[in-house]
Amino acid sequence: MINVCFAGVTGWTAPPIVAAIDRADDLTLAAGVSRSAAGKSLAEAAGSASAGRVYGSVAEALAAVPVDVLVDYTSAAAVKDNVWTAVRAGVNVVVGSSGLTADDYAELDRLAREHDAGVIAAGNFSVMATVLRRAAAMAAEHLDHWEIIDYAGVTKPDVPSGTARELAETLATVRTPEPAVPLGELHGPVEARGAEVAGSRIHSVRLPSFVVSTEIVFGGPGERLVMRHDPGTDPSPYVAGTLLAVRHAGEETGVRRGLDSLLFRS
């Protein structure tokens, strides 16, 4: 049985994942973390069948109950403290929150190896989003020009999204795109060309009605290839990938980035 602590247990992503943990024969929700619901039962705060409780911090939860895996779906402001706390305690982690940079993950990898903990982090635990990332990496082997468009709602202040950042970092392992127009030759504010992440230009749109959509546009003479992932309005696409990560988080020490590290293992 894998004991799970869910940080962000009262958040938007939690309900279907909590329900799936309750249904699983090999998982149990040992604790939740939520400052607004601290002291409540998991049944009261998250509708869980578990007899566990909600704590105000990850440190409090880990001190109170045995935990094998921390699942973090909080925010860019909270995720680093939560994850570092768990790893220092030797607890495996599944990171579903955005906000950590490539440098953060390099530091986290060193820390996880020091404390014999495994971390699986993904900007998006949707299987379809993972397939998009793999397909884009295959396309980048043959195409020279691309840019990424990152869509999200007005309640998401961090830019770019973890999904878009992770996609750019994956493509950087294949090649760096050739710039269509070098920044030095632009007439006007360079900010209009988006931000550069791992060599790719990313344009972040924040408007009502979006969740987290990711689009990559490959351009060549006389043709374009557009790949796009659009989630629905509920978090159910993230359930299968999150549970897969929970079950495999302890297999290796250190950080593994992306759900494709599990889906496309060879």
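A helix crossing counts as right-handed if the near helix is turned clockwise from the far one by less than a right angle, and as left-handed if anticlockwise. These close-ups come from a predicted model, where local features need pLDDT of at least 70 and side-chain atom pairs count only at pLDDT 80 or more, while totals for chains, interfaces and linings use all residues. Residues are numbered from 1 along each chain as its sequence is written, and side-chain values use heavy atoms, with hydrogens and water left out.

**View A. Helix α4 passes helix α5 in a right-handed crossing.** Here the axes of α4 and α5 (residues 102-114) come within 9 Å and cross at roughly 20°. (Axes are lines fitted to C-alpha atoms, for helices over the stretch in contact, with angles from 0 to 180 degrees between N-to-C directions.) α4 and α5 are therefore roughly parallel to each other (under 35 degrees; over 145 is roughly antiparallel, 65 to 115 roughly perpendicular, the rest oblique). Helices (H or I, at least four residues) and strands (E, at least two) are DSSP runs, numbered from the N terminus.

**View B. Helix α1 meets helix α8 at roughly 50°.** α1 covers residues 14-23 and α8 covers residues 239-248, and their axes come within 10 Å. That angle makes α1 oblique to α8. As for handedness, α1 passes α8 in a right-handed crossing.

**View C. The largest pocket holds about 1,100 Å³ of space.** Its lining runs to 41 residues, and T13, Y73, T74, S75 and S97 are the ones nearest the centre. α4 (79-88) and α7 (162-172) are the elements that each give two or more residues to this lining. Sorted by class, the lining of the largest pocket has 21 polar, 16 nonpolar and four charged residues. (Ala, Val, Leu, Ile, Met, Phe, Trp, Tyr, Cys and Pro are nonpolar, Asp, Glu, Lys and Arg charged, and the others, Gly among them, polar.) On a 1 Å grid over the protein atoms alone, a pocket is an open set of points with protein on both sides within 12 Å along at least five of seven lines, a cavity is a set where a 1.4 Å probe fits but cannot get out, and lining residues have an atom within 4 Å of a point. Points are joined across faces, edges and corners, and a volume is the space filled by probe spheres set on them.

**View D. The second largest pocket has about 260 Å³ of space.** Count 16 residues around this one, with E147, E178, P179, A180 and R201 nearest the centre. Strands β7 (146-152) and β10 (212-220) are the elements giving two or more residues. The lining of the second largest pocket splits into eight nonpolar, five charged and three polar residues.

View E. α6 (127-140) and α7 both give two or more residues, and α6 gives the most, with four. Four nonpolar, four polar and three charged residues make up the lining of the largest cavity.

**View G. Helix α7 is mostly covered, with nine of its 11 residues buried.** Buried means under 20% relative accessible area (exposed is over 50%, partly exposed in between; 1.4 Å probe, protein chains only). The buried set includes G162, E166, L167 and L171.
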